[in-house]
Amino acid sequence: IVRGDELSVVVADNPWAMIVSDNDGELVASHYPFLLDDTSGDELVLVTHVGRPDDLLHDFGDREVLVVFQGQHGYVSPSWYEPGSVKAPTWNFSAVHCHGTPEILDADTNLAVLTKLVAHFEQHVEEPMWLDQEWAPPIARGTVGLRIPVDRFTCKVKMSQDKDPVTVQNVIAQLRAPGPYNQPHLADDMERARNDRIGYPSAT
């Protein structure tokens, strides 16, 4: 499935991502929070920062990087299927793979992105702590801001689309039930995918 709106949902709900790059023949990876740049119009652009010396680890320049976002995921037991369904265990998941060449931000733009990141993640805190512009610049100098226009991406959504409607509802119910397989957020994603009719068979 390749859909810009699905990418936006996965990134918004799961902003912690992995950056993978090829530095002189060696694959390297780092993990950082990302936001979609809301000032880029219809263009899909990721913004983030890396701490020094991760910028040297990746040696950002004119090379493409891969940014991987992992959405909700969880095991699905065949015992939850409607009788007559194929009895194979599986794993439901969503993931987004974004490809693009990073642009290194200047100090002022990097500080603006850091301020936006903190504001985003503090928004639900009872007494939020915003990034103080008086003391933040020295801290920001320990980071390197990145803007990554997304040249291409793959959005993978596997939410029991090949199963009959009764089985899908059974899986959702089991994921909402208390116990070791409780995955209510995955159940939410399954319901959204079903309601969007992403690859689902027609109910009879």
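Predicted model: local features only at pLDDT ≥ 70, side-chain atom pairs only at ≥ 80, totals over all residues.
**Exercise 1.** Work out which strands stand at the edges of the four-stranded open sheet, and why one side of each is left without a neighbour.

*Solution.* Start with the strand order, which runs β3-β4-β8-β7 with antiparallel pairing. Now look at the ends of that order: β3 (35-36) and β7 (103-104) each have a single partner strand, so one side of each has no neighbour in the sheet. Next, check how β7 is held: it pairs with β8 (residues 143-149) in the antiparallel sense over two bridges. Zoom in on I104, and you'll find that its bridge partner in β8 is L146.

**Exercise 2.** Find out which residues have the most contacts inside the largest nonpolar core.

*Solution.* This core has 34 residues, and the ones with the most contacts inside it are F34, L46, V67, F69 and C98. Let's follow L46: leaving out residues up to four places away in sequence, L46 touches residues including F34, V67, F69 and C98. Another core, of ten residues, lies apart from the largest one, with L111, L114, L117 and L131 among its members. As background, nonpolar side chains in soluble globular proteins tend to be buried together.

**Exercise 3.** Decide whether S77 is buried or exposed.

*Solution.* First, locate S77: it sits in the loop between β5 (65-76) and β6 (90-100). Buried means under 20% relative accessible area. S77 has 13%, so it counts as buried.

Conventions:
Residues numbered from 1 in each chain as written. Heavy atoms only, no water. Pairing = 2+ DSSP bridges. Core = buried A, V, L, I, M, F, W, Y, C linked by side-chain atoms within 4.5 Å. Buried < 20%, exposed > 50% of the residue type's maximum accessible area, 1.4 Å probe, protein only. Contact = heavy atoms within 4.5 Å.
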